[in-house]
Amino acid sequence: MPDKAPKEVIQEVESAVKELHAANDANEKRRDALLEEKLERINETLNKHEGLNQAITLAEANAKAIKDFQEQMDRIEAAANRPGMPGGANDNADAEYRAAFDRAIRRPDDDRSPEDREALKKRKNALTKSDDSGAGYLAAPPDLQKEIIKDLIETTPMRALATVRTIGGSSLKQPRKTGNGSATRVGETQQRNNTGDPSYGMFEVNAPELFARVEIAQQMLEDQDYDLLAELREDAVEQFSVKEGAEYISGTGGSNQAEGILTNADIAFTAGGHASQITADGLITMCYDLKTGYSRNATWGLNRKTLGAIRKLKGSDNNYLWQSGLAAGKPNTILDSPYAEMPDLPDIAANTFPVTYGDFRKGYVIVDRVLIMFQVDYTTGADNGLVVFRGRRRTRGGGPPPGGIPQEAGRSHVVLG
C-alpha cells in the first residue's frame, strides 16, 4: 500500500485529535470501558504518525545545533579525512575500503576435512548456511526477494539532542567554573573587603571502547546471494546504537559506561503528586521550575506509553497539555515544548522517573574518539571454517558539557509511591 500524501496524514491526525478530546471529555464525566477502548484505538492511530513528528522534532533540534557544529567543523573534517578511516568524508576512500574488506572476508580458505565440515554445521553461535536462523536463509536462490524482514529496534535519540564533541585525544578536558563571588553594598567610606573568589574545576569525559563481534562461516560468505557485508555493518551499528541509548538514560558512569541522565545526582527532579499516575500539575510544575534561559530550547523526553497518558491530560484552564503541530509543519508539543521519544525511559509507576525535561545541549555531552571501525579476522576461527567480524567505536556520554549546569539545564519527573 503506497504511503499517504502529507495532506491525508494531516487530516487523519487532526480528525484523531478531535476524537481523542471528545472521547476523553466524555470519559471524564462517566468512566466507561468502551470509551477507554476507543481512547486506546485513537492513541494507536496517532502513534502511527509519531515517526513523522519525531523526524520534524529532531530536524529542528539539529538545526539549532548548526552554529555549534560550525565551531567544530575543522576538527571533525580533519578526523573524518584521516587516511584509511572508513566512513569519512572521502567517498572514494570509503568505496576502496569496502572493496578491500569484501575481498578479505571472501578469501578462499584451505580445504576442510569431512570432520571439520560436520563440526561447522553444528555451530549455532555463528552465521552458517546450514543453520537457517544463523543466516542460512541469506544463501537463497536468485528468484528469492533480497530483503531481510527485521524486528523494529527502537533507540533513544540522544545524539540529536545533546552536545556532541569529536576529540583527537583520549578525553575531552575543559576548565569549568564551579563557584562565584558575591557583590555587596558598602557605604561611602566603608572598607571594601573581598567578596569571594571564583573557583574552578576540570570537566572531563573520556572515550572508552564499545565492541561488537560476529562469527561467520567462510562458506556462507562465499555462497550467499545477499549483501551480507552491508548487513553485518548495519547490525554492528545497531548494536552500538541500542547500547548507547540505554546508557544515556540509566548508565552508571562507571565500568566504562556512559553516565545516564537518570543517574546523575545533580539533576533536579519534580514530584508528580500522585502515587502511580502522571499528573498535569506535576508536569506544569516541572516545566516552570526550569529556568527561562534553558526552557527556550527545552525538549521533553518520554516513552510511547507515557505519551499516550499525557495526551489525555488537561490543565486548570481545561486545555490539553498535548497539542498537535503537524498541520502547521511544526512538531507536536507538550506545554508548548517539543518532545522526543526515548524508549529507554521507564513506564509510569511508583518511584520512577518516566519524563525528562530540559535543554539537553546544555545538560549532556557525548564525546566521540573513533566513530565506527570494522575489522575482519580470518585466522582466529579458521580451524572451524569461521571468519570473525569485529566492529568497534570509542565514545561516551555524561553531563554537563562545558558551560552547562545539569541541575539547572534539566529536570526529571518522579511519580511518588
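**Salt bridges up close**

A search through the whole structure turns up 17 salt bridges (a side-chain nitrogen of Lys or Arg within 4 Å of a carboxyl oxygen of Asp or Glu). This is a predicted model, where local features need pLDDT of at least 70, side-chain atom pairs count only at pLDDT 80 or more, and totals for chains, interfaces and linings use all residues. Residues are numbered from 1 along each chain as its sequence is written, and side-chain values use heavy atoms, with hydrogens and water left out.

**View A. E12 pairs up with K48 in a salt bridge.** The closest N and O atoms sit 3.4 Å apart. E12 belongs to helix α1 (residues 6-29) and K48 to helix α2 (residues 33-48), so this contact ties together parts 36 residues apart in sequence. Helices (H or I, at least four residues) and strands (E, at least two) are DSSP runs, numbered from the N terminus. K48 is exposed, at 58% relative accessible area (exposed is over 50%, buried under 20%, partly exposed in between; 1.4 Å probe, protein chains only).

**View B. R311 and E50 make a salt bridge.** Here, too, the closest N and O atoms are 3.4 Å apart. R311 is in the loop between α12 (304-310) and β7 (322-323), while E50 is in helix α3 (residues 50-64), 261 residues away. R311 is buried at 0% relative accessible area, and E50 is buried at 1%.

**View C. E244 meets R393 in a salt bridge, 3.0 Å from N to O.** Helix α9 (residues 228-250) supplies E244 and strand β12 (residues 386-398) supplies R393, linking distant parts of the chain 149 residues apart. E244 counts as buried at 5% relative accessibility, as does R393 at 9%. Salt bridges with shared partners join R159, E244, D368 and R393 into one network.
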